[in-house]
Amino acid sequence: ILDDPDANFGGRGPFVHWVLYKVPATAKGLPEGVPMGANVTVAGLQGAINGLSGFNAFQRPGQPPLEPGYRGPAPPPGSPHHYHFTVYALNAALDVKEGLDKASLLKAMEGKIVAQGEIVGVYERPKP
């Protein structure tokens with residue numbers, strides 16, 4: 001899960017940039033350029049699923065649905081934003097389908113999380 005607590009849009013919680021689940025236990029990392037779309041077919045990540053992010057809230061009526069996947073940092077110019085990448089180790093595989101958002105994924109993982117790790121990246125868009 002990748003979220004940005006500095007972009008919480010009126011107190012609704014951190015803005016979620018990316019949800020990726022069912023990552024194989026054999027994965028050695030995340031390659032650059034994981035394609036958009038629910039089903040991930042990149043070498044080493046086969047079987048992983050891109051979930052729904054906060055960008056889905058900006059879906060325009062009548063437009064095709066946004067493809068799930070990673071969308072990078074895009075803060076307004078000014079203050080730095082902190083991007084929290086959180087990974088979870090589970091004691092059992094998840095029996096879930098496509099289309100989970102962060103809240104649904106956390107609910108599905110309840111009772112299965114045995115460890116987690118986090119790294120924070122900071123990005124600031126310069127003022128024009």
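User: Happy to dig in! Why does Lys-102 count as partly exposed?

Analyst: Good place to start. The relative accessibility of Lys-102 is 22%; buried means under 20% relative accessible area, exposed over 50%, and partly exposed in between (1.4 Å probe, protein chains only). So Lys-102 counts as partly exposed. Bear in mind that this is a predicted model, where local features need pLDDT of at least 70, side-chain atom pairs count only at pLDDT 80 or more, and totals for chains, interfaces and linings use all residues. Residues are numbered from 1 along each chain as its sequence is written, and side-chain values use heavy atoms, with hydrogens and water left out.

User: What makes Lys-102 and Asp-3 a salt bridge?

Analyst: The closest N and O atoms of the pair are 2.5 Å apart. A salt bridge is a side-chain nitrogen of Lys or Arg within 4 Å of a carboxyl oxygen of Asp or Glu, so the pair qualifies. Lys-102 sits in helix α1 and Asp-3 in strand β1, 99 residues apart. Helices (H or I, at least four residues) and strands (E, at least two) are DSSP runs, numbered from the N terminus.

User: Why is Asp-3 called buried?

Analyst: Its relative accessibility is 8%, so Asp-3 counts as buried. Asp-3 also stands opposite His-84 in β5.

User: How many salt bridges does the whole structure hold?

Analyst: The search finds 2. Besides the pair above, the side chains of Glu-110 and Lys-107 meet at 3.5 Å, N to O. Both Glu-110 and Lys-107 are exposed.

User: How do you know that β1 and β5 pair?

Analyst: Two strands pair if DSSP finds at least two bridges between them. Here 2 bridges join β1 (residues 2-4) to β5 (residues 81-90), so the pair meets that rule, and the strands run antiparallel.

User: Why do β2 and β6 stand at the edges?

Analyst: The open sheet of 4 strands has the order β2-β1-β5-β6, with antiparallel pairing. β2 (15-18) and β6 (113-123) each have a single partner strand, so one side of each is left without a neighbour in the sheet.

User: Where does helix α1 lie?

Analyst: Helix α1 (residues 102-109) lies across β1, β2, β5 and β6, at about 30° to β5. Axes are lines fitted to C-alpha atoms, for helices over the stretch in contact (heavy atoms within 4.5 Å). Angles run from 0 to 180 degrees between N-to-C directions.

User: What makes Pro-24 partly exposed?

Analyst: Pro-24 has a relative accessible area of 21%, so Pro-24 is partly exposed. Its place is in the loop between β3 (20-21) and β4 (49-50).
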